[in-house]
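Visitor: I've got a structure open on my screen and would like someone to walk me through it. Could we go question by question?

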Amino acid sequence: MEVTRLSDALGAKISGVDLSNVDAGTAEEIKESFHKHQVLLFRNQDISMEQHISFSKNFGPLEVHISKDSLHEDHEEILLVSNMKKDGEYVGVENAGDAWHSDLSYMPKPSLGSLLYALEVSEIGGDTEWLNMYDAYDTLSTNTKKRIDGLKARHSFNRFKNKRIGVPKQRQNGGKERYEKLSPPDVFHPVARTHPETGRKALYISPRFTLGILDGSEDEAQDLLDELIEHATQRKFVYRHVWEVGDLIMWDNRCTLHLACRGIPEDQIRHMHRTTISGDVPF
Ligand code: OGA
Ligand code: MN
C-alpha cells in the first residue's frame with residue numbers, strides 16, 4: 001500500500017489496494033491513513049455493490065439515508081448520487097451536496113464518514129471539494145476559540161428553514177412539503193467538536209445544515225456563523241477532486257466539509273453510489 005498526499009490542505013491517494021478484497025490488516029492500515037489524511041482516494045476500482053458495502057463496513061455500521069426515494073432498489077445502504085433520469089424522474093439525489101456540508105450533521109448521531117464511488121462521470125463539471133476543518137479551527141483567533149468554547153449550533157435538513165442558501169429549482173415545487181416530511185427534529189451539536197480518534201478539535205458547522213446557535217441573540221448567532229463560514233471556506237483549506245470512473249473517495253465527516261461543484265451540462269451523466277458510515281454523538 002502506497003500513500004501520496006493530494007494537496008497541502010488534506011487528502012491522500014492510496015495505491016496498491018484492491019477494494020474488492022481487503023483483509024483485516026489492510027483495513028487497519030487504511031484506517032490509520034484515514035485518521036491522518038481525512039480524505040482518501042482509491043483509483044481504478046472495479047467493485048460490486050456488495051463489495052462497496054462490505055469494504056465500508058470495516059469502519060462501522062452503515063446508515064440507510066432518509067431520502068428513501070433515492071436508495072438503490074436492491075441495496076438500501078446505497079444512496080444514488082446521480083443526475084440520471086428514469087421515466088422523467090431523477091433516480092437519485094441530483095442536488096447532493098450543492099452547499100458546503102458534513103453528511104447527516106442534522107441527525108442526533110451524524111455520520112462518521114462516507115464512501116462515494118464513481119460509476120459514470122461527466123466530461124465537463126462535477127468536481128467535488130473537501131475542506132480541512134481541523135485547520136479551520138486551529139487558525140481561528142484565540143478570542144474566537146474562547147467565544148465558541150462550549151457553544152452548540154442548531155442543525156436541520158430542512159432547506160426551507162435555511163436563509164443562507166437557496167432552494168434549487170427542481171425542489172421549489174412541492175419541495176417544502178417534502179423537506180417538512182423528511183426532516184428529523186432539529187439537533188444541537190458543538191460548534192467545535194473533538195475527533196474521537198485523533199483527539200483534535202475541528203470546526204463543526206456548515207452553511208447547508210447549520211441554522212443557528214443554541215444561546216444568545218439571533219443576530220449575534222447569524223453574525224458568528226457568517227464569520228466562521230467565511231473563515232472555514234478559505235481556498236487554502238480546500239482539495240478539489242476531478243473524478244474519473246473507478247474512483248472511490250472516502251472522507252471523514254467529523255473533520256471535513258465537502259461541496260459538489262456542479263456545472264454539469266444537461267446532456268451529460270454523472271452517476272455515483274454512496275455508502276454512509278454511522279457515527280457517534282459529537283462532543
Ligand atoms: C455526497 C455529496 C457531492 C458530489 O455524496 O454526500 O455531497 O460532488 N456529494 O457528488
Ligand atoms: Mn454529502
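Visitor: Which residues does His271 touch, leaving out those up to four places away in sequence?
Guide: Bear in mind that this is a predicted model. His271 sits in strand S17, residues 271-277, and at 12% relative accessibility it counts as buried. Not counting residues up to four places away in sequence, His271 touches Leu80, Val81, Ser82, Met84, Val91, Tyr117, Ala118, Leu119 and Glu120.

Visitor: How many Å apart in space are Ser82 and His271, C-alpha to C-alpha?
Guide: Ser82 belongs to strand S4, residues 79-82, and it's buried, with a relative accessible area of 3%. In sequence, Ser82 and His271 are 189 residues apart. In space, their C-alpha atoms are separated by 4.4 Å.

Visitor: Which residue's backbone nitrogen does the side chain of Ser82 reach?
Guide: Start with what Ser82 touches beyond four places in sequence: Tyr90, Val91, Gly92, Val93, Glu94, Arg270 and His271. As for its side chain, there's a backbone nitrogen at 3.0 Å, and that one belongs to Met84.

Visitor: What surrounds ligand 1?
Guide: Arg270, which Ser82 touches, turns up here too, as one of the residues around ligand 1.

Visitor: At what distance does a polar side-chain atom of Arg274 lie from an oxygen atom of ligand 1?
Guide: Let's go through some polar contacts of this ligand. An N or O atom in the His258 side chain is 3.0 Å from an oxygen atom of ligand 1, and for a polar side-chain atom of Arg270 the distance is 2.8 Å. For Arg274, it's 2.6 Å.

Visitor: Are His101 and His258 buried or exposed?
Guide: His101 is in the loop between strand S6 (89-90) and S7, while His258 is in strand S16, so the pair links distant parts of the chain, 157 residues apart. His101 has 5% relative accessibility and His258 has a relative accessible area of 6%. With the cut-off for buried at under 20%, His101 is buried and so is His258.

Visitor: How many residues apart in sequence are the parts that Asp127 and Arg240 tie together?
Guide: The structure holds 17 salt bridges, and one of them joins the side chains of Asp127 and Arg240 at 2.8 Å, N to O. Asp127 is in the loop between strand S7 (113-120) and strand S8 (128-132), and Arg240 is in strand S14, so this pair ties together parts separated in sequence by 113 residues.

Visitor: Which residues are linked with Asp127 in a network of salt bridges?
Guide: Besides the bridge from Asp127 to Arg240, the side chains of Arg235 and Glu129 meet at 2.7 Å, N to O. Arg235 comes from the loop between H7 and S14 and Glu129 from strand S8, so that pair ties together parts 106 residues apart in sequence. Arg235 is exposed at 53%, whereas Glu129 is buried at 2%. The residues networked with Asp127 are Glu129, Arg235 and Arg240.

Visitor: Where do Glu180 and Lys176 lie?
Guide: Their side chains also meet in a salt bridge, at 4.0 Å, N to O. Glu180 is partly exposed at 49%, and Lys176 is partly exposed at 41%. They're 4 residues apart, about one turn of the helix, and that helix is H6.

Visitor: Which element gives the largest share of the largest nonpolar core?
Guide: This core has 27 residues, and Met133, Ile148, Val191, Leu203, Ile205, Ile213 and Leu228 touch the most other members. The elements that give two or more residues are helix H3, strand S12, helix H7 and strand S16. With 6 residues, the largest share comes from H7.

Note on methods:
Residues numbered from 1 in each chain as written. Chains lettered and ligands numbered in written order. Predicted model: local features only at pLDDT ≥ 70, side-chain atom pairs only at ≥ 80, totals over all residues. Heavy atoms only, no water. Core = buried A, V, L, I, M, F, W, Y, C linked by side-chain atoms within 4.5 Å. Buried < 20%, exposed > 50% of the residue type's maximum accessible area, 1.4 Å probe, protein only. Contact = heavy atoms within 4.5 Å. Near = heavy atom within 4 Å. Polar contact = N/O pair within 3.5 Å; in protein donor to acceptor, adjacent residues only side chain to side chain.
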